[in-house]
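This briefing sets out the architecture, the aromatic contacts, the helix packing and the backbone geometry of the structure shown below. Please read it with the sequence and the model at hand.

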Amino acid sequence: MTFLTTSKARRSRLRSLGVTVGALVASAAVVLTGCSVDKSGGDSDKPTIRLAYQSFPSGDLIVKNNKWLEDALPNYNVKWTKFDSGADINTAFVAKQIDFGAIGSSPVARGLSAPLNIAYQVAFILDVAGDNEALVARNGTGINSIADLKGKRVATAFASTSHYSLLAALNHAGVNPKDVNLIDLQPQASLAAWQRGDVDAVYTWLPTLDELRKTGKTIVTSREVATWGKPTLDLGVVSSDFAKDHPDVVDTWRKVEARALKQIHDDPQAAAKAIAAQLNTTPEDAANQLKQGIYLTDAELTSPQWLGTEGKPGNVADNLHSAAEFLAEQQQIPSAPPLSTFQNAIYTKGLPGVLTAQ
């Protein structure tokens, strides 16, 4: 059985809402087997920090490429594991296989809701989705609007921010999701299906998105979906237990992530070069991808609109609560937890001082 098939079967169990924690823990072994793990520099005498990352342009890839975390924490091993989606990262958190993760806001809203109830906290905002996540229709399919998706085959990675945005777009256009043939595919698998002509449209993220655009038409981007009250974010989350036991490590991690965002703003060429190395593309292509996202400054990160400050969690909690309410309306989760659940899941310890004292 391939990793894709196994992963799809697992997400199907999640969607049935009858999933058990035991089943998730068991499936985590399959997920991790199919992931790419960077074990360079391992030392059995040191404790290990385990980070889950995804291949989308972000400061997280800059930190990984430049080994900033390794340099800042020489007394630790730093193990990076690549995942294909937030759903898989959630599974790994349930199984206690990772400490930090780069994950979309929709999977986080799911993770903080039943039946998962994952004990993690949002400690950073990697980016705000703009044109770097979008719905693209294949040329020749006759799809020119969201309404044209009725009866069409549309692929997206279920339980991802793209899936959330697709459902939000359908809702905005008054299209019943049941009238669309929604297909659960990870980005690379959706590209292969696109090339075979097996799907008519795909909602996904970079870098796959740019490949689809070469032979397709952009119907809507997450930047536009955000104006309809459904913004999506890429977040940095940390295990609550890890944060409690190692607040100094969390502080260091936040500092290097903030350093990466600063580089995106102040030295975009260096940022593009680092990201290109991680995405196996050219610096020019990476620079173009970076221009499509929205990357916050330190001041924006700790503003009331986003993370907030110590004791005063910002509106990212409201954003996650709103996402959970929408997912419940779409019968993706049983119900949305109260706002307090999300406010308690925002890690604001030491903000804004932690980021300004670099």
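The protein chain contains 18 helices and 13 strands. The model is a predicted one, and the values given here are computed from it. Of the 358 residues in the chain, 55% are buried.

**Overall contacts and surface**

- Among contacts between residues at least 6 apart in sequence, 79% join residues at least 24 apart.
- The accessible surface of the protein chain comes to about 14,300 Å², and 48% of this surface belongs to carbon and sulfur atoms.

**Aromatic pairs**

- A pair of aromatic rings is described by the distance of the centres and the angle of the planes.
- With ring centres required to lie within 6.5 Å, the count comes to six aromatic pairs.
- Phenylalanine 100 counts as buried at 1% relative accessibility, and tryptophan 253 is buried with a relative accessible area of 2%; both assignments follow because buried means under 20%.
- The rings of tyrosine 164 and phenylalanine 326 have centres 5.4 Å apart and planes at 80°, and this pair is therefore edge-to-face, the cut-off being over 60 degrees.
- Tyrosine 164 lies in helix α7 (residues 161–172) and phenylalanine 326 in helix α16 (residues 316–329), so their pairing ties together parts of the chain that are 162 residues apart in sequence.
- Both tyrosine 164 and phenylalanine 326 are buried.

**Aromatic cluster and a charge over a ring**

- One aromatic cluster is formed by Phe100, Phe124, Phe242 and Trp253.
- The charged end of arginine 259 sits over the ring of tryptophan 68, at 3.7 Å from the ring centre.

**Packing of helices around α13**

- Helix α13 (residues 268–279) and helix α14 (residues 283–290) have axes that come within 8 Å and cross at roughly 105°.
- Because angles of 65 to 115 degrees count as roughly perpendicular, α13 and α14 are roughly perpendicular to each other.
- On the α13 side, the residues that meet α14 are Ala271, Ala272, Lys273, Ile275, Ala276 and Leu279; their partners in α14 are Pro283, Ala286, Ala287, Gln289 and Leu290.
- The axes of helix α3 (residues 59–66) and α13 likewise come within 8 Å, with a crossing angle of roughly 80°, and α3 and α13 are therefore also roughly perpendicular.
- Leu61, Ile62, Lys64, Asn65 and Asn66 in α3 meet Ala271, Ala274, Ile275, Ala277, Gln278 and Leu279 in α13.

**Alanine 286 and its surroundings**

- Alanine 286 is part of helix α14 and is buried, with a relative accessible area of 0%.
- Beyond the neighbours within four places in sequence, alanine 286 is in contact with Ala272, Ile275, Ala276 and Thr281.
- The C-alpha atoms of alanine 286 and proline 207 are separated by 8.7 Å, although the two residues are 79 residues apart along the chain.

**Helix α8**

- Buried residues in helix α8 (residues 187–196) are Pro187, Ala189, Ser190, Leu191, Ala193 and Trp194.
- Glycine 197 follows α8 and has a positive phi, near 85°.

**Backbone geometry**

- Most residues other than glycine have a negative phi, and most peptide bonds are trans.
- The peptide bond from leucine 206 to proline 207 is cis, with omega near 5°; proline 207 is placed in the loop between β9 (201–205) and α9 (208–213).
- Leucine 351 and proline 352 are also joined by a cis peptide bond, with omega about 5°, and proline 352 lies in the loop between α17 (339–343) and α18 (353–356).
- Lysine 67, although not a glycine, has a positive phi of about 55°; this residue lies in the loop between α3 and α4 (68–72) and is partly exposed, with a relative accessible area of 38%.
- Asparagine 280, likewise not a glycine, has a positive phi of about 55°; asparagine 280 is in the loop between α13 and α14 and counts as exposed at 73% relative accessibility.

Notes:
Residues numbered from 1 in each chain as written. Predicted model: local features only at pLDDT ≥ 70, side-chain atom pairs only at ≥ 80, totals over all residues. Heavy atoms only, no water. Phe/Tyr/Trp six-rings, centres within 6.5 Å; stacked < 30°, edge-to-face > 60°. Buried < 20%, exposed > 50% of the residue type's maximum accessible area, 1.4 Å probe, protein only. Helix = DSSP H or I, 4+ residues; strand = E, 2+ residues; numbered from the N terminus. Lys NZ or Arg CZ within 6 Å of the ring centre and 35° of its normal. Contact = heavy atoms within 4.5 Å. Areas by Shrake-Rupley, 256 points an atom, 1.4 Å probe, with all protein chains shown as cover. Axes fitted to C-alpha atoms, helices over the stretch in contact; angles between N-to-C directions. Parallel < 35°, antiparallel > 145°, perpendicular 65-115°, else oblique.
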